[in-house]
Amino acid sequence: MKHEWRKHERELYLPKREPAIINIPDFKFFTIKGKGNPNGEHFSAYIEVLYALSYAVRMSYKTDRVPAGYQEYTVYPLEGVWDLSEQGRKSNTGEIDKDELIFTLMIRQPDFVTAEFAEEILESVRVKKKLDLLDQVNFESIEEGRCLQMMHIGPYDDEAKSFSRMQTYCDENGIVRKRKQHREIYLNDFRKVAPDKLKTVLRFEIL
């Protein structure tokens with residue numbers, strides 16, 4: 001049976017529009033780090049390389065290197081962990097300087113993907129495509145643990161309103177945020193969906 005994250009992992013990827021606590025276990029990802037304004041032309045290259053690898057894994061059943069335990073599935077959505085550089089924190093006067101954003105973009109991989117198979121995928125994509133950022137990609141396991149999350153619907157620039165609600169929830173329930181950085185999970189393609197219809201999971205770690 002095909003594994004579809006929208007159906008089988010709704011708690012992780014389709015939360016309600018109210019803050020809620022969730023525990024996120026260890027998952028495997030292709031990840032890549034960067035800095036700068038996500039509206040810049042360079043940003044699409046980070047996304048391109050992650051999807052190239054993810055679809056190579058997805059279609060590996062058609063090759064002679066099918067991994068053990070392969071199960072048909074839907075490719076997971078793009079995620080990003082966001083923070084400000086040290087300079088950005090020092091100069092922040094309330095409005096974020098997007099040029100000082102630092103990020104780790106990632107796409108989750110199925111459990112059957114091992115470190116060895118991930119390296120095979122990297123090599124196969126390297127042979128087929130000229131992607132300048134390919135050598136900056138890592139394969140790693142990440143466990144977020146206890147988190148607060150909610151669904152944000154609307155433009156990315158309006159996310160501050162949802163984060164304010166999340167912080168209010170923390171204050172009212174004696175919850176301490178673990179760190180300033182946060183995670184976003186993008187459920188739509190911003191190139192194809194109107195800004196007011198965009199769905200983004202917002203999440204940060206808590207103690």
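1. The model is predicted. On that basis the elements of the protein run α-α-β-α-β-α-β-α-β-α-β-β from the N terminus on. The secondary structure comes to six helices and six strands.

2. Overall dimensions come next. The C-alpha trace spans about 55 × 35 × 35 Å along its principal axes.

3. How much of the protein is buried? Buried residues make up 45% of the 207 residues. The accessible surface comes to about 11700 Å². Carbon and sulfur atoms account for 49% of that surface.

4. Contacts reach across the sequence. Take the contacts between residues at least 6 apart in sequence: 76% of them join residues at least 24 apart.

5. Charge deserves a line of its own. The protein carries 33 positive and 35 negative side chains. The centres of the two sets lie 4 Å apart.

6. Look at Thr-31, which lies in strand E1, residues 20–35. Is Thr-31 buried or exposed? Its relative accessibility is 1%, and buried means under 20%, so Thr-31 counts as buried. Which side chain makes a polar contact with that of Thr-31? The partner is Glu-140, and the contact is 2.5 Å.

7. The surroundings of Thr-31 draw on several stretches of sequence. Neighbours within four places in sequence are left aside here. Thr-31 is then in contact with Leu-50, with Thr-104, Leu-105 and Met-106, and with Gln-136, Val-137, Asn-138, Glu-140 and Ile-142.

8. Now Thr-200, in strand E6, residues 199–205. Its relative accessible area is 0%, under the 20% cut-off, so Thr-200 is buried. What does Thr-200 touch, not counting residues up to four places away in sequence? The list holds Met-150, Met-151 and His-152, then Tyr-156 and Glu-159, and finally Glu-184, Ile-185 and Tyr-186.

9. One distance is worth checking on the model. Thr-200 and Val-125 are 75 residues apart in sequence. In space they are 29 Å apart, C-alpha to C-alpha.

Terms used:
Residues are numbered from 1 along each chain as its sequence is written. This is a predicted model: local features need pLDDT of at least 70, side-chain atom pairs count only at pLDDT 80 or more; totals for chains, interfaces and linings use all residues. Side-chain values use heavy atoms; hydrogens and water are left out. Helices (H or I, at least four residues) and strands (E, at least two) are DSSP runs, numbered from the N terminus. Buried means under 20% relative accessible area, exposed over 50%, partly exposed in between (1.4 Å probe, protein chains only). Contact means heavy atoms within 4.5 Å. Accessible areas come from the Shrake-Rupley method with a 1.4 Å probe; for residues, only the protein chains shown count as cover. Lys and Arg count as positive and Asp and Glu as negative; His and the chain ends are not counted. The place of a charge is taken as NZ of Lys, CZ of Arg, CG of Asp or CD of Glu. A polar contact is a pair of N or O atoms within 3.5 Å; within protein, one must be able to donate a hydrogen and the other to accept it, and residues adjacent in sequence count only if both atoms are side-chain atoms.
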